[in-house]
Amino acid sequence: FGLQINGQKALNEIAGVVGDGQSSAMLEKLKSAGLLIPSSKGYMLPWGSVRDVLLEEVKTREDKIKIHLGVSIDTVSEKDDGSYVATFKDDNLQIDADLIIGADGVHSHVRREILSLPKPTPSGAYVWRGSVDTNAGSNDKLKQMQEYPMGKIIKFGEGMNLAYFNFHPKVVGQTAWVITARANMLPDNVTIDCGTTTPIDLIKAYMDSADGNGDEELKENCELAMLVFGNTHQPSDLTWSSEMGVVDLNQEDIGWGGKGRITLIGDAAHAVRPASGLGGSLAFEDAALLARYIARSNTSSATSIEEQLRAFEKIRLPRCKSISNDQTIRAELSYKVGFGGVPSWDPAYKEWVQEGIDSTPEPPVSEMDVLADLLSD
């Protein structure tokens, strides 16, 4: 999980701490669990750590926040006063709501079934995630991974990238791995079937292909990958995969997609490719800014609430659209030239991203200018 500077600022505001140089207890806990990314001053964290810290914070506010586990939304009916009644599957639960915020991820039920918006656009890129204990057994090759930098990315031809994230300095022996594969760039003998194809299948097929008959370093990288996958903490991680989807914010007739007292945040609104680890931080931005707009509304007036939700969506759309487009292009280029071959952000664009929710809606420069030469090649 990448927690960038813009996400850190938003989390501070969510925790009630505002001002430069100040940091909430919640953010400090996350920093202590993560690894500093020197180039961006962000942090790389195990997803479980983020979940646990946020849940711990929610539990301190149980008088205001109630969590219902094991239920999923079924129907939403609008009442005469503009508020809603929500029912849930497999449960007798019914909730009266002044407004509904769909924060239910890239496969959002609120987005798809309640707002009748298009599904995210399939990217053609698939992802598998897992972790390995590098202290497992007495294998020296696994133990040597403890000396890796925080992040190490290995290319297997144009179609596959394998990233290792070394959390050993924080969690003894833990290394997370993420493998992504671009279906239309893989060797002819490699096919992907979600729920069946494993990273082991991908590496084996790659080694058997003409592309896999490379130098000694490539052979060693393949062997290490097989060793890592063979010692993965949860074997089920090898069969769980998904095709990354992107919410297309360029459809002017749709925009953000909210209506009435219903809006979206996070991946439900703007799922992006994970080229720079910005998805989570953008979601925290959404939450902090949405809270500002809700606080301005008169909750007894449906018109006032709707106006504030539409104002929130209007100001968020150009920022999220720009970052999403940038991340898609960078992700695609990474398969061609590797992440190291993709140019850094323009300094003005980087500052705009890091400024977060207090930035201007539109970026000061176009990222297309930075990427133009590489795209023309």
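1. Phe 312 touches Trp 256, Thr 263, Leu 264, Ile 265, Asp 286, Leu 289, Leu 290 and Tyr 293, leaving aside residues up to four places away in sequence. Contact means heavy atoms within 4.5 Å.

2. This is a predicted model: local features need pLDDT of at least 70, side-chain atom pairs count only at pLDDT 80 or more, and totals for chains, interfaces and linings use all residues. Numbering starts from 1 along each chain as its sequence is written, and side-chain values use heavy atoms, without hydrogens and water.

3. Phe 312 is also among the residues with the most contacts inside the largest nonpolar core, which has 41 residues. Leu 3, Leu 30, Trp 256, Ile 262 and Leu 264 are listed with Phe 312. A separate core has 29 residues, including Leu 142 and Met 160. (A nonpolar core is a set of buried Ala, Val, Leu, Ile, Met, Phe, Trp, Tyr and Cys residues joined through side-chain atoms within 4.5 Å; buried means under 20% relative accessible area, with a 1.4 Å probe and protein chains only.)

4. Five strands form an open antiparallel sheet, in the order E9-E10-E11-E8-E12. Strands (E, at least two residues) and helices (H or I, at least four) are DSSP runs, numbered from the N terminus. Strands pair if DSSP finds at least two bridges between them. E9 (151–156) and E12 (242–246) are the edge strands, each with a single partner, so one side of each has no neighbour in the sheet.

5. E8 (residues 121–133) and E11 (residues 174–182) pair over nine bridges. Asp 133 stands opposite Gln 174 in E11.

Definitions and conventions
Buried < 20%, exposed > 50% of the residue type's maximum accessible area, 1.4 Å probe, protein only.
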